[in-house]
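Biologist: I'd like to learn how to read cavities, pockets, cores and salt bridges in a model like this one. Can we go through them in turn?

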Amino acid sequence: MDLVVLNGSPKSDDSITLHYVKYLEKKYPQHNFIKHHVGNKIKSILKDKKKFESILNDVSRSDGVIWSVPVYTCTVPSQLIFFIDRIFDEGYEDVFEGKYCTAITTSAKFYDHTAHNYLKASSEDMGMKYVDGFSAMMYDLLEDDKRKDFRKFSEIFFRYIKDRAKPPKEFFSVQDSDFSYEPRDVRNVSKKKKDYDIILISDHTDEDENLKRMIGVFVKSMKYKVKVFNLHDIEVKGGCLGCVRCVNTASCVYKDQHEDFYEKNIKPADAVVYATKIKNRSLSARWEQFYDRSFYNGHCPRTMGQQLGYIISGPLKQNPNIKEILKSRNEMGLTNLVGIVTDEAEDSHLITDLIQQFSRDFSWSLENDFMRPYTCRREGGHKIFRDLIYEMKFVFTQDHKFYKKHDLYDFPQNKYKTRIKNFFLKILLNTPGIKEKAQEKMTEYMIMPLEEVIDNA
Ligand SMILES: Cc1cc2nc3c(=O)[nH]c(=O)nc-3n(C[C@H](O)[C@H](O)[C@H](O)COP(=O)(O)O)c2cc1C
């Protein structure tokens with residue numbers, strides 16, 4: 001079989017993920033793996049049509065396609081999003097249509113599922129037959145059991161191709177809309193207060209009328225001054241290179257305006273609103289590039305305590321995966337997500353109402369310093385990164401300092417009061433006579449501490 005490997009890692013041949021493919025290549029010499037480093041070569045692929053078309057030629061001749069991709073900020077590297085967007089922009093879906101495909105990712109297994117969802121939905125949109133992918137921890141390949149599973153996974157994929165089997169489709173196609181948002185009679189709150197540092201970052205172009213108008217309504221409706229920036233005015237030379245030199249230096253190797261902008265505007269802000277659009281199955285690639293580059297902050301939630309909001313043009317409800325990514329980024333950033341407004345209602349009057357309510361909620365959250373409690377996204381994510389950073393503290397030096405300083409190493413075994421309490425409870429609950437009585441009254445005991453709070457409230 002001829003299998004085209006689309007390597008989304010910016011690290012080209014040094015990609016950890018690609019080494020999983022190389023393992024398959026060695027194990028299954030009967031198959032031909034044709035690799036394209038789309039992540040690393042994205043600039044020239046976007047510029048040079050011949051290069052782009054030579055990849056498409058290989059795809060059209062192949063029996064199957066493998067996305068070999070690292071997870072970046074809950075999705076895939078922006079370089080790959082640029083590549084996939086180009087396929088749709090230029091109407092090359094037919095080259096991929098009917099091809100079998102799958103995805104291999106490596107990551108720390110934080111929001112790997114949303115990266116897989118992105119790849120699967122995009123592949124299905126191209127009409128590909130997507131066989132569920134393989135999500136590995138970075139070094140799973142070192143373990144015998146994991147290698148065995150990996151080989152079995154690849155055999156499923158090969159079998160699907162050989163048998164011409166039909167994998168079930170998972171995602172609905174997205175219905176595009178040409179709705180034009182026409183706000184009317186929006187009052188500009190004059191004499192804007194300047195008590196808070198509120199910034200809005202957009203990536204709209206002149207053609208993004210709906211987004212421009214939504215931003216306009218928000219800025220007018222806010223009683224506080226909002227500084228507006230456009231990503232097109234900030235020099236960002238490229239996507240994150242994955243070189244991870246920032247883990248020690250807390251600074252990016254790129255010499256452009258990204259870091260300076262982030263340090264001077266995003267970090268000190270009390271509130272940030274991001275205004276962007278949905279393109280295919282992601283937020284815009286430019287936006288994702290900007291976001292990936294904030295990785296120079298490591299795993300430290302440098303925007304902790306900020307109020308956060310999104311103004312989005314595009315079908316967010318039809319893309320719950322994007323919403324999930326935004327919510328996860330909010331929770332891991334320890335920010336408060338005030339809301340997400342979109343133009344999906346297709347009713348100008350209603351959209352204006354929603355934006356005005358959003359601006360009132362924004363002001364209220366700022367004034368009251370409100371933080372909505374986090375969910376499993378934060379609780380689970382925190383534990384993944386806490387353990388990772390602790391285990392690799394010699395690598396993640398800036399993260400390690402931050403975690404120590406902010407008491408983020410909250411391992412249960414370090415909670416001495418709880419340990420002592422549990423020690424005595426264990427003795428008590430194992431004492432004959434007490435044990436049976438305690439079991440009878442278990443639910444009563446469980447609510448006792450809560451009742452105490454209510455009594456004292
Ligand atoms: C910018 C950036 C963002 C990342 N985001 C995530 C993430 O959201 N979740 C995760 O589990 N790992 C994340 N990682 C870790 C990579 O997925 C992991 O190191 C992967 O194995 C790299 O693969 P590669 O060598 O093929 O590029 C991130 C790494 C970088 C550089």
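Modeller: Let's begin with cavities. A cavity is a set of grid points where a 1.4 Å probe fits but cannot get out, whereas a pocket is an open set. Keep in mind that this is a predicted model.

Biologist: How many cavities of 30 Å³ or more does the count come to?

Modeller: The count comes to 1 cavity of 30 Å³ or more. The largest cavity has a volume of about 70 Å³.

Biologist: Which residues line the largest cavity?

Modeller: Its lining is made of T75, Y118, R281, S282, L283, E288, I322, I325, L326 and R329. Two elements give two or more residues to that lining, β10 (282-283) and α12 (320-332). Helix α12 gives the most, with 4 residues.

Biologist: And how do the residues of that lining divide by class?

Modeller: Into 5 nonpolar, 2 polar and 3 charged.

Biologist: Now for the open kind. What volume does the second largest pocket have?

Modeller: About 760 Å³. It is lined by 26 residues, and those closest to its centre are D176, S177, I278, G314 and P315. For secondary structure, look at α8 (209-221) and β9 (271-279), each of which supplies at least two residues of the lining.

Biologist: What does the lining of this pocket have by class?

Modeller: There you'll find 6 nonpolar, 9 polar and 11 charged residues.

Biologist: Let's move to the interior. What should I look for in a nonpolar core?

Modeller: Look for buried nonpolar residues joined through side-chain atoms. In this model the largest nonpolar core has 32 residues, and those with the most contacts inside it are L6, W67, L80, F83, I84, F96 and L119. The elements giving two or more residues to this core are β1 (2-7), α2 (42-47), α3 (49-61), β3 (64-70), α4 (78-89), α5 (93-96), β4 (100-107) and α6 (112-125). Of these, α4 gives the most, with 6 residues.

Biologist: Pick one residue for me. What does F96 touch, not counting residues up to four places away in sequence?

Modeller: F96 touches L6, L56, V59, I87, M126 and M128. There is also a second, separate core of 26 residues, which includes I266, F290, I312 and L337.

Biologist: On to charges. What is the general idea behind a salt bridge?

Modeller: Side chains of opposite charge can pair when their charged atoms come close. This structure holds 27 salt bridges. One of them joins R213 and E182, with the closest N and O atoms 3.7 Å apart. That pair links distant parts of the chain, 31 residues apart: R213 is in helix α8, and E182 is in the loop between α7 (144-163) and β7 (193-202).

Biologist: What about D256 and R293, are they buried or exposed?

Modeller: Both are buried. D256 forms a salt bridge with R293, and their closest N and O atoms are 2.9 Å apart.

Biologist: Why does D256 count as buried?

Modeller: Because its relative accessibility is 14%, and the limit is under 20%. Not counting residues up to four places away in sequence, D256 touches E235, V236, K237, G238 and R293.

Note on methods
Residues are numbered from 1 along each chain as its sequence is written. This is a predicted model: local features need pLDDT of at least 70, side-chain atom pairs count only at pLDDT 80 or more; totals for chains, interfaces and linings use all residues. Side-chain values use heavy atoms; hydrogens and water are left out. On a 1 Å grid over the protein atoms alone, a cavity is a set of points where a 1.4 Å probe fits but cannot get out, and a pocket is an open set with protein on both sides within 12 Å along at least five of seven lines; lining residues have an atom within 4 Å of a point. Grid points are joined across faces, edges and corners, and a volume is the space filled by probe spheres set on the points. Ala, Val, Leu, Ile, Met, Phe, Trp, Tyr, Cys and Pro count as nonpolar, Asp, Glu, Lys and Arg as charged, and the others, Gly among them, as polar. A nonpolar core is a set of buried Ala, Val, Leu, Ile, Met, Phe, Trp, Tyr and Cys residues joined through side-chain atoms within 4.5 Å. Buried means under 20% relative accessible area, exposed over 50%, partly exposed in between (1.4 Å probe, protein chains only). Contact means heavy atoms within 4.5 Å. A salt bridge is a side-chain nitrogen of Lys or Arg within 4 Å of a carboxyl oxygen of Asp or Glu.
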